[in-house]
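User: I am new to this structure and would like a quick tour. Can you take my questions one by one?

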Amino acid sequence: MGKMNRVGDLMKIVGRMILSRIHWRGPFILCHLVTGHCNCSCEPCLWRNNSSDDLTSDEIKKFYTDAKELGFLLNFIWGGEPLLRKDIPEILKFSKEIDLVNVVTTNGWFLEERLSEIAPYTDSFIVSLDYPSEMHDEIRGRKGLFQRLIRGVQLIRRRYPEIKVMFNFLLTNQNKDSMEDFINLTHELGVSSYVCPMEIDLLRNGKMEGIKSHLKPCKKEEAIVAETLIRKKRKGFRINNSYLYLESIRNGKKPFRCHFPKMVLQVGPEGEVIDCRAWDRPIGFIRKQDLKEIYQHKSLKELAGWEGEQCNKCNNPNRIDLSYFWELRIEPVTSIFRMFLSE
């Protein structure tokens with residue numbers, strides 16, 4: 001996607017958001033886990049489910065067609081590991097043909113071998129990297145992963161310089177002391193980054209099962225990382241977290257008004273439409289229901305209303321910075337624009 005096309009797509013998203021602030025008509029950004037299967041075994045992972053019965057390509061095409069008719073503009077595709085799907089080029093191609101902007105999140109294992117299949121239909125890649133050396137392999141439970149993802153990113157930069165590449169860094173006790181080296185590596189590779197502190201207190205019938213709370217840094221340690229990121233960002237390093245978000249982590253997170261569900265619809269690998277207040281109680285199922293029917297569900301409207309705004313459990317930068325984006329706070333809006341436009 002060329003720079004001018006990216007500007008046009010971003011302006012469409014901003015325009016839809018402004019219209020939604022006047023009269024909310026439903027989410028317009030898809031966050032689709034196309035598979036629950038993964039070839040890694042990350043200890044803090046919330047999303048891996050290697051027994052999931054993933055939607056078929058035909059089911060996904062029907063779902064995407066309905067989403068486009070409802071006004072969706074942007075499609076975040078992830079998992080699990082989306083490049084495990086043999087039909088991922090077909091899925092991306094269809095999404096692109098109906099004029100959705102495709103952002104693919106991957107662990108990078110298959111980038112080299114599958115890049116030519118998927119690059120023509122991908123606008124941005126988000127590559128997960130949790131340590132700036134082979135220690136990443138140990139964290140992810142996959143020997144050789146670090147070198148493979150680095151070669152994959154270098155290949156994207158060499159062959160498809162118009163495609164944006166970002167690193168996603170999940171902050172845990174395993175990597176909290178590697179931030180300087182991580183940011184320096186992103187600079188060397190010519191990519192941007194954002195850092196996401198580990199979540200442990202999300203709701204799933206009152207708790208999030210299987211979370212390893214010992215992996216989460218304490219607030220003081222998170223504050224030190226946030227200060228490092230602020231300092232590096234001020235020096236010109238391409239860090240996508242907004243200053244407002246980083247300052248909230250450094251100074252102790254204060255309650256925020258969550259507007260994320262106003263913009264984003266989360267759909268799991270089996271077609272479950274996720275209610276982020278209780279992850280194991282879906283709003284509906286794409287496999288069984290028409291998306292237009294789910295779009296009218298009272299829970300979706302509750303999430304987009306006062307009840308959803310009162311929830312501020314998450315410390316995820318996507319949710320918080322997008323909430324600031326909805327409120328048209330200048331610096332977070334600028335950070336999001338730079339995420340997709342800066343070279």
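User: Leaving aside its neighbours within four places in sequence, which residues is F256 in contact with?

Analyst: This is a predicted model: local features need pLDDT of at least 70, side-chain atom pairs count only at pLDDT 80 or more, and totals for chains, interfaces and linings use all residues. Residues are numbered from 1 along each chain as its sequence is written, and side-chain values use heavy atoms, with hydrogens and water left out. Contact means heavy atoms within 4.5 Å. By that rule, F256 is in contact with E309, C311, N312, C314, I320, S323 and Y324.

User: Does F256 count as buried or exposed?

Analyst: F256 lies in the loop between α9 (243–251) and α10 (260–263). Helices (H or I, at least four residues) and strands (E, at least two) are DSSP runs, numbered from the N terminus. Buried means under 20% relative accessible area, exposed over 50%, and partly exposed in between (1.4 Å probe, protein chains only). At 7% relative accessibility, F256 therefore counts as buried.

User: How many aromatic pairs are there?

Analyst: Rings of Phe, Tyr and Trp (its six-membered ring) pair if their centres lie within 6.5 Å. Planes under 30 degrees apart count as stacked, over 60 as edge-to-face and the rest as tilted. The count by this rule is four.

User: What kind of pair do F72 and Y295 form?

Analyst: Their ring centres are 5.9 Å apart. F72 is in the loop between α2 (57–69) and β2 (74–78), and Y295 is in the loop between α11 (291–294) and α12 (298–304), 223 residues apart. F72 and Y295 are buried. The planes of F72 and Y295 lie at 55°, so the pair is tilted.

User: Where on α7 do the buried residues fall?

Analyst: M179, F182, I183, L185, T186 and L189 are buried in α7. The arc is that of the directions from the helix axis to the C-beta atoms. Here it is 155°, so the buried residues line one face of the helix.

User: What do the buried residues of α7 pack against?

Analyst: On the other side of α7, D181, H187 and E188 are exposed. The buried residues of α7 pack against α6 (145–159), β5, β6 (192–197) and α8 (219–234).

User: In what sense do β5 and β6 pair?

Analyst: Six of the six residues of β6 are buried, so this strand is largely enclosed by the rest of the structure. Two strands pair if DSSP finds at least two bridges between them. The bridge partner of L170 in β6 is C196. Over six bridges, β5 and β6 pair in the parallel sense.
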